[in-house]
Amino acid sequence: MSWSIARGALHMAEVAVEACAVIEKLTGIGGPKAEEAIKAVQSVIASVKAGFAGEMTAQEVLAQIEGLHERLAATDSAIDELAHKKFDTGGPT
Amino acid sequence: MKRVARCIGAHVIAGVVIAWALLACGASAREKTLRASFVAVNAARDGFFAYDEQHQRTLLEAATDAPSWKATIADYRSRREKVVELFAGAYSTIAAATLLEKDAKSLDAVGEAMRLLFAAVKDFTGGRVSVPTGGLP
């Protein structure tokens, strides 16, 4: 199963729905029920599209590496300060 | 004409259902796997942070003079760097897998990076940080 197949199927569905909407407007075939059905399918397509947009981003993941280094550097700095107090001034750790 | 419209409508609905099913069964499963991997690495990282701070404090309390402290902490931080590189590697492979949607092998790379990372965390912390032992991609 691949995203490209899903995207292709979604695109075909979208085009077909638009074609149905045009036919319905031009000919009046189907009436209010057809219009409702078209709107329902359009809303399903919008939901599926929103699902594509909700993917986890690479930036979100890569930002963790920076956070990792920052957090460890902060710990090292705090420990170094404690060590400085203990050995250079005789203070408590 | 009504039959044609009905026929088109039926195909449209079928197309949407197929698209939905493909998303739910294929990409969604991949997305879930990557998200679960991300959460597992974050959990291990948080445990590692806690261990790191506590262990450095313990080393400092045990140190009796500045030269021995400097040698001890330099050795500890040097060994820690190897684990940090594995964390960065795990995050990088997860990030790459989110971009390489069509590459099935990218999930295998995530699994391998996580296995190496979790083994290193377990070894480095003497098992004090709990990491997943199974269910990796």
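**Notes on the core and the helices**

1. Let's begin with the core. The largest nonpolar core has 43 residues, and B:Val41, B:Phe87 and B:Phe118 touch the most other members. Such a core is a set of buried Ala, Val, Leu, Ile, Met, Phe, Trp, Tyr and Cys residues joined through side-chain atoms within 4.5 Å; buried means under 20% relative accessible area, with a 1.4 Å probe and protein chains only. Two or more residues each come from helix H3 (58–88) of chain A and from helix H1 (2–62), H2 and helix H3 (105–125) of chain B. H2(B) gives the largest share, twelve residues. In soluble globular proteins, nonpolar side chains tend to be buried together.

2. A word on the basis: this is a predicted model, in which local features need pLDDT of at least 70 and side-chain atom pairs count only at pLDDT 80 or more, while totals for chains, interfaces and linings use all residues. Residues are numbered from 1 along each chain as its sequence is written, chains are lettered from A and ligands numbered from 1 in the order in which they are written, and side-chain values use heavy atoms, leaving out hydrogens and water.

3. What does B:Val41 touch, not counting residues up to four places away in sequence? Its partners are B:Phe87, B:Ala90, B:Tyr91, B:Ile94, B:Met114, B:Leu117 and B:Phe118, where contact means heavy atoms within 4.5 Å.

4. Chain B as a whole has three helices and zero strands; helices (H or I, at least four residues) and strands (E, at least two) are DSSP runs, numbered from the N terminus. Of its 137 residues, 40% are buried. Among the contacts in chain B with a separation of 6 or more, 71% are between residues 24 or more positions apart.

5. Now H3(B). Buried residues in H3(B) include B:Met114, B:Leu117 and B:Phe118. Just after H3(B), B:Gly126 takes a positive phi of about 65 degrees.

6. Is B:Arg77 buried or exposed? B:Arg77 counts as buried because its relative accessibility is 16%. This arginine lies in helix H2 (residues 66–99) of chain B. Leaving aside neighbours within four places in sequence, B:Arg77 is in contact with A:Asp76, A:Ile79, A:Asp80 and B:Gln56. In H3(A), the buried residues include A:Asp76 and A:Ile79.

Note on methods. Buried means under 20% relative accessible area, exposed over 50%, partly exposed in between (1.4 Å probe, protein chains only).
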